[in-house]
Amino acid sequence: MKFVCLDCERAYRLEERRNPFVCDCGGLLEVRQDYRGLDGERLKLEFDNRLADRMSSWASGVWRYKELIAPELPDAYITSRYEGNTGLYPSATLAEFAGVRGLMLKAQSENPSGSFKDNGMAVAVSYGRSLGYRRFTCTSTGNTSSSLAMYAAWAGCSSYVFLPKHHISMNKVLQTLAYGAQVISFEGTYDDGIRFSELHSEQLGLYVCNSINPFRIEGQKSIVFEIAQQLRWQMPDWIVVPGGALSNATALGKGLYELKELGMIDKLPRVAVVQAEGASPFHQMVAQGDAQLKPVRNPYTRATAMNIGNPPSWKKALQYAIKYTKGVTVSVTDEEIMLAKDRIDRSGIGCEPASAASVAGLKKLAAAGIIDKECTAVCLLTGHILKDTEAIEALYKGTLAPSEAAPSVLHTPDLTLDEVRRFITEL
Ligand SMILES: *Cc1c(COP(=O)(O)O)cnc(C)c1O
Ligand SMILES: [Zn+2]
């Protein structure tokens with residue numbers, strides 16, 4: 001394994017580049033592996049065998065795929081909470097809502113800290129430890145910090161997280177604090193925090209676990225590996241993912257690329273990246289055919305996890321998700337996001353607002369004829385329903401979307417049978 005620069009192809013040893021993970025030319029680095037000697041068919045059998053294991057690192061939905069994620073990492077550094085292993089749920093009602101023939105939801109919300117960030121963070125923290133770091137840092141809109149704080153605590157290390165003061169969910173801040181992280185709250189945007197932590201972390205002795213950390217991408221590839229394994233390597237037509245920092249879109253594309261190279265899948269699904277209208281620089285760039293991303297200065301969306309105006313890894317997402325898979329982008333309004341969230345919640349799965357962007361985006365793309373109505377799609381649900389309880393309150397108050405979600409609560413001080421009977425039969 002080595003780091004390779006996306007711009008100039010220069011290679012570095014893994015220990016050589018960190019904090020930030022950039023080439024001398026300023027280009028982004030990615031992990032490249034040598035797959036010679038790997039047999040795709042044998043790997044499939046091996047991955048299936050490991051499903052019977054419940055206590056070793058093979059029981060993790062990330063480390064099960066170690067050969068394709070971190071083959072050279074010594075086992076002693078593996079940090080794991082049995083992440084991944086999330087459900088893939090077909091839903092006829094949501095397929096109808098989105099306007100496609102088949103829809104499955106990949107509930108990354110079922111991860112130990114409640115978001116897909118765990119798939120990547122498990123690997124970043126493990127590598128940081130293997131390099132001798134005991135202190136970890138990230139800048140976050142909330143879920144990255146919860147995940148880092150959890151893994152750092154679990155590994156007996158410490159975490160220092162930079163959180164923008166505004167437009168961030170209180171549930172995520174509290175979760176991060178509860179795991180024992182040191183929180184640095186600042187005025188400014190996520191993008192300001194990223195710049196600060198990448199500039200100063202090495203000098204502060206902190207290992208950067210922002211999405212620019214290439215091991216996060218390696219770990220997040222497991223999401224598409226798991227989808228493939230769950231579907232017995234028969235892939236859907238589309239995979240739809242919300243896009244903020246674009247790490248997930250990148251990892252999906254890169255994971256698909258590697259599965260195809262290894263001959264483990266025949267069909268290459270296309271990736272659709274969905275951004276929120278108020279924070280959609282990637283969609284703007286792709287839609288207008290620009291060669292460079294124009295950052296959005298003051299991004300705003302109620303879907304806090306996607307409130308990012310200057311995603312550092314856009315070149316990777318462009319290469320893997322868009323160019324390689326013939327992917328598309330779309331933007332959706334906060335109202336469309338909240339309407340989809342309401343439906344996903346009521347379907348019995350539930351998710352935080354940013355996750356619902358995937359279903360809202362699929363609906364929009366199907367209505368526009370960009371995604372064929374006869375196709376099958378997998379939508380990623382990135383974060384747990386309890387990650388943003390204020391959004392549920394807002395839905396109830398009808399302040400975010402014309403809601404069907406009137407709260408069904410009977411207030412009965414005396415708890416009389418008549419009242420309860422009327423309440424039940426009215427439903
Ligand atoms: C981080 C996050 C996103 C955005 O993912 P990126 O990889 O940053 O594009 C979307 N939804 C949730 C719940 C997240 O935590
Ligand atoms: Zn370079």
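A residue counts as near a molecule if one of its heavy atoms lies within 4 Å of it. Keep that cut-off in mind for the first stop. The model is predicted.

**Stop 1: the ligand shell.** Select ligand 1 and the 15 residues around it. Then highlight Lys-117, Asn-143, Gly-244, Leu-246 and Ser-247, which come nearest. Colour the shell by residue class: six residues are nonpolar, seven polar and two charged.

**Stop 2: polar contacts.** Zoom in on the oxygen atoms of ligand 1. Start with Asn-143, which has a polar side-chain atom 2.7 Å from a ligand oxygen atom. Move to Ala-245. Here a backbone N or O atom lies 2.8 Å from an oxygen atom of ligand 1. Finish at Asn-248, where a backbone N or O atom is 2.9 Å from an oxygen atom of the ligand. How much of ligand 1 does the protein bury? Taken alone, ligand 1 exposes 380 Å², and the protein buries 98% of that.

**Stop 3: the domains.** Zoom out. Colour residues 1-32 as domain 1, and 88-114 + 216-397 as domain 2. Their C-alpha centres lie 27 Å apart. Now look at where the two domains touch: domain 1 gives six residues to the contact, and domain 2 gives eight.

Note on methods:
Residues numbered from 1 in each chain as written. Chains lettered and ligands numbered in written order. Predicted model: local features only at pLDDT ≥ 70, side-chain atom pairs only at ≥ 80, totals over all residues. Heavy atoms only, no water. Polar contact = N/O pair within 3.5 Å; in protein donor to acceptor, adjacent residues only side chain to side chain. Areas by Shrake-Rupley, 256 points an atom, 1.4 Å probe, with all protein chains shown as cover. Nonpolar A, V, L, I, M, F, W, Y, C, P; charged D, E, K, R; others polar. Domains from an automatic or database assignment. Contact = heavy atoms within 4.5 Å.
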